[in-house]
Amino acid sequence: MSLPGRFVVLIPNSSTYGISKRLDDGERRRLRNILDKVKPPQHGVIVRTAAEGVTSEEISSDVRRLLSQWEQIENLANTTQAPALLYREPDMAVRVIREEFSDNYRSVVIDDEALYRDVHDYVSSISPALADRIEFYDRSTEPLSIFERHHVHEQVHKALDRKVWLPSGGSLIIEHTEALTVIDVNTGKNVGSKSLEETVYRNNLEAAIEIAKQLRLRDIGGIIVIDFIDMEIKGNRDDVVKVFREALARDKTRTQVFDISELGLVEMTRKRIGEGLLESFATQCPDCEGRGVQIHPDLLV
């Protein structure tokens, strides 16, 4: 059994000692020094990726909260007649807050009063300074629904579109096939004012950052092939892959990226966790059976 917290995972009655391998060596050394001081001798602790940059006091507070939670479970086990529920994971909303919410977010807006109280109480217990960023959206006094007010439907439609516009006028075309996902990078309206190589290089840098975002947003998994626009200078190709890998560092899902080829292709894999966004919101077309084309009926006569 394990109890996940914001920055650490407590493993009761275990000698487990670990730090996320997604962190760089310097940060792992810093966190190891903190863990040596706060780890309870009778329990195991794993430091999560979310602990990057946090203070010793924040990690210590997380450990104390999980120890208190474990003591409550033990007390309940000793005083309750079996069978009985001793512990269960919190609701999805609280789990999302635990995994994602940080001071990088301006606010979390909730239109269900009971859920708002649960989330507000949870954030108050783990990060009191962020509690005022949990906001209640009162549907009885607001003329628009929370999704309309914050343009959520519009963003979902954009996330399902095969075409994604880049800031400078270029675009991405995202195509799903049975075997893999293909992402094509185009300059489009981005003609630039300097040399063609410089324009392509800047467009590819924008694309690298946006592709990393789209992979997370759409939860695209499996084999992915990205067709960047051809660049003549090897240093530019290396820069694009470097920026792409840095942008993927935010992704908690495991990825593997190979170097860009002479044709401008980047092959990568992203662990498939569940259904992607498209699969969740769409069904296969009954007419073309997912091929995207229909054979002309005259040819079949």
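**Reading loops, strands and a patch**

Tutor: Asp-219 sits in the loop between α7 (196–218) and β10. Keep in mind that this is a predicted model.

Student: Which residue in the loop between β2 (8–11) and β3 (17–19) can I look at next?

Tutor: Take Asn-13, which is found there. Its phi is also a positive value, near 55 degrees, in a residue other than glycine. Is it buried or exposed? Exposure means over 50% relative accessible area, and Asn-13 has 57%, so it is exposed.

Student: Is the peptide bond from Ala-82 to Pro-83 cis or trans?

Tutor: It is cis, with omega near -5 degrees. Pro-83 belongs to the loop between α2 and α3.

Student: Where does Asp-91 lie?

Tutor: In the loop between α2 (56–79) and α3 (92–100). Asp-91 is exposed, with a relative accessible area of 51%. Together with Asp-112, Asp-118 and Asp-121, it forms a negative surface patch.

Student: Which strands pair with β12?

Tutor: Strand β10 (residues 222–227) pairs with β12 in the antiparallel sense over six bridges, and Asp-227 stands opposite Leu-265. Strand β11 (residues 255–257) also pairs with β12 in the antiparallel sense, over three bridges, with Val-257 opposite Met-268.

Terms used
Residues numbered from 1 in each chain as written. Predicted model: local features only at pLDDT ≥ 70, side-chain atom pairs only at ≥ 80, totals over all residues. Heavy atoms only, no water. Patch = residues over 30% accessible without salt bridge, like charges linked within 9 Å, V, L, I, M, F, W, Y side chains within 5 Å. Areas by Shrake-Rupley, 256 points an atom, 1.4 Å probe, with all protein chains shown as cover. Salt bridge = Lys/Arg side-chain N within 4 Å of Asp/Glu carboxyl O. Lys, Arg positive; Asp, Glu negative; His and termini not counted. Charge placed at Lys NZ, Arg CZ, Asp CG, Glu CD. Helix = DSSP H or I, 4+ residues; strand = E, 2+ residues; numbered from the N terminus. Buried < 20%, exposed > 50% of the residue type's maximum accessible area, 1.4 Å probe, protein only. Pairing = 2+ DSSP bridges.
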